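Please keep the sequence and the model at hand while reading.

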Amino acid sequence: MTLAVRYTSARTLDTAPSTDSPPGPGEVELAPAFVGICGTDLHIFHGDMDARVTAPAVLGHEMSGRIVRVGPEVDDWQPGDAVTVVPLRWDGTCPACRAGHQHVCQHLDFIGIDSPGAMQQRWTVPASTLVRLPENLPLDRAALVEPTAVAVHDVGRAGVRNGEKTVVVGGGPVGILIALVARAAGAEVRVVELNTHRRLLAEELGLSTWDPAADDITELVQQWTGEAGADVAFEVSGAAAGVETAVDVLGVRGRLCLVAIHPRPREINLHRFFWRELTLVGARLYERGDFERAVTLVADGTIPADRLISKVVPLTEASAAFEALESGGDVMKILVDCTATGDAQEAAV
């Protein structure tokens, strides 16, 4: 018998037996090893996405694992291969797909939201979604490839170049990953974050931080840039104040990359966009190339994934992990170990 973590209603998860049927043509069956919990998963847990998610729903899209079985017409994979999954299915026929933007398909199936996800002991997915992992990459660290792919896509959308002054507003997991990817691209980076623990972790990773509760961020940026303003800002906080800060720090022809999901309209200083010829660009999800780049960054240590993992819990304690993430505090990234059902394991941070 295999088990799955299921969302059943607002703030309610259960662990229940799951079906284990052979993979069909073009499919593979995986044994997920580690699955990360992200902000979208928390939104589902809160009941905020009930109009989209059909309960009971198996969650999880940040994962690593190994192939167990391959279905007919699968030639490039075999049992035992270490993989992660690009959790996207597109129809290939909508205007976005025809324009080459399949990752934002107008009828997108986001696996783990719109269809069953990885938080289970056996998971069948199309072989076309697989990305190979290096055998020497620990699978717990590999679970951070997906959020790293988000950061790679964001930095690419913003067009970050070597030497550019870059401000990341919001130092949660994705904000830290954006800062690390931007630094790897040669940018000079500052992270704006209220939470003391997150600032300390960022600084331990060699990133410079500012506290918006104690510092005048706009003035600090003026000093840092010789009054030119930042070249790029990323809004990752999801807060109205974060939007204001991200706009205010930009210099002439600066670029603002919107990463956070804002569920309601925000006021924005359009006069500043006019006056300084600013550019606003959205960044959603990722493409296969972003995943492949993310694998390299995690595998070579550019992304110190082990430092971002706060805790690892067994499958049967997933509900407690969601509650721990809600509380914020000293938690950065929590992984669910789909191979374990015993006592929680703590990861050094």
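The cover over the buried residues of helix H8 includes strand E11 (165-169), H7, strand E14 (230-235), strand E15 (250-258) and helix H9 (270-276). The residues in question belong to H8 (residues 240-248), where Gly242, Val243, Thr245, Ala246 and Val247 are buried. The model is a predicted one, and the values that follow are computed from it.

**The chain as a whole**

- The secondary structure of the chain comes to 12 helices and 19 strands, and 53% of its 349 residues count as buried.
- The radius of gyration of the chain is 20 Å, which agrees with the value near 20 Å that a compact globule of 349 residues would have.
- Taken along the principal axes, the box filled by the C-alpha atoms is roughly 60 × 45 × 40 Å.
- Among the contacts in the chain with a separation of 6 or more, 70% come from residues 24 or more positions apart.
- The chain exposes about 15100 Å², of which carbon and sulfur atoms supply 49%.

- A polar atom of the side chain of threonine 225 lies 2.8 Å from the backbone nitrogen of glycine 229.
- When neighbours within four places in sequence are left aside, threonine 225 is in contact with Lys165 and Ala230.
- Aspartate 211 has its place in the loop between strand E13 (208-210) and H7, and at 15% relative accessibility aspartate 211 likewise counts as buried.
- Not counting residues up to four places away in sequence, aspartate 211 touches Glu193, Leu194, Arg199 and Ile217.

**Strand pairing**

- An open sheet is formed by three strands in the order E2-E1-E4, with antiparallel pairing; its edge strands are E2 (12-18) and E4 (57-58), each of which pairs on one side only.
- Within this sheet, strand E1 (residues 2-9) pairs with E4 in the antiparallel sense over two bridges, and the bridge partner of tyrosine 7 in E4 is alanine 57.
- Strand E3 (residues 27-36) and strand E5 (residues 62-70) run antiparallel and are joined by eight bridges, with proline 32 standing opposite glycine 65 in E5.
- E5 also pairs with strand E6 (residues 82-85), in the antiparallel sense and over two bridges, and here the bridge partner of glycine 65 in E6 is valine 83.

**Cysteines**

- The count of disulfides comes to zero, and the sulfur distances below can be read against the cut-off of 2.5 Å for such a pair.
- The cysteine sulfur closest to that of cysteine 38 is in cysteine 338, at 14 Å, which is too far for a bond; cysteine 38 is itself buried, with a relative accessible area of 13%.
- For cysteine 257, the closest cysteine sulfur is that of cysteine 38, at 17 Å, again too far for a bond, and cysteine 257 counts as buried at 0% relative accessibility.

**Backbone details worth checking**

- Most residues other than glycine have a negative phi, and most peptide bonds are trans.
- Alanine 55 and proline 56 are joined by a cis peptide bond, with omega about 0 degrees, and proline 56 is found in the loop between helix H1 (39-45) and E4.
- Glutamate 73, a residue other than glycine, has a positive phi near 70 degrees; glutamate 73 lies in the loop between E5 and E6 and counts as exposed at 68% relative accessibility.
- Leucine 285, also a residue other than glycine, has a positive phi near 60 degrees, and its place is in the loop between strand E16 (279-282) and helix H10 (288-299).
- Is leucine 285 buried or exposed? At 15% relative accessibility, leucine 285 counts as buried.

Terms used. Residues are numbered from 1 along each chain as its sequence is written. This is a predicted model: local features need pLDDT of at least 70, side-chain atom pairs count only at pLDDT 80 or more; totals for chains, interfaces and linings use all residues. Side-chain values use heavy atoms; hydrogens and water are left out. A polar contact is a pair of N or O atoms within 3.5 Å; within protein, one must be able to donate a hydrogen and the other to accept it, and residues adjacent in sequence count only if both atoms are side-chain atoms. Contact means heavy atoms within 4.5 Å. Two strands pair if DSSP finds at least two bridges between them. Helices (H or I, at least four residues) and strands (E, at least two) are DSSP runs, numbered from the N terminus. Buried means under 20% relative accessible area, exposed over 50%, partly exposed in between (1.4 Å probe, protein chains only). The radius of gyration is taken over C-alpha atoms; the globule rule is 2.2 Å times the number of residues to the power 0.38. Accessible areas come from the Shrake-Rupley method with a 1.4 Å probe; for residues, only the protein chains shown count as cover.
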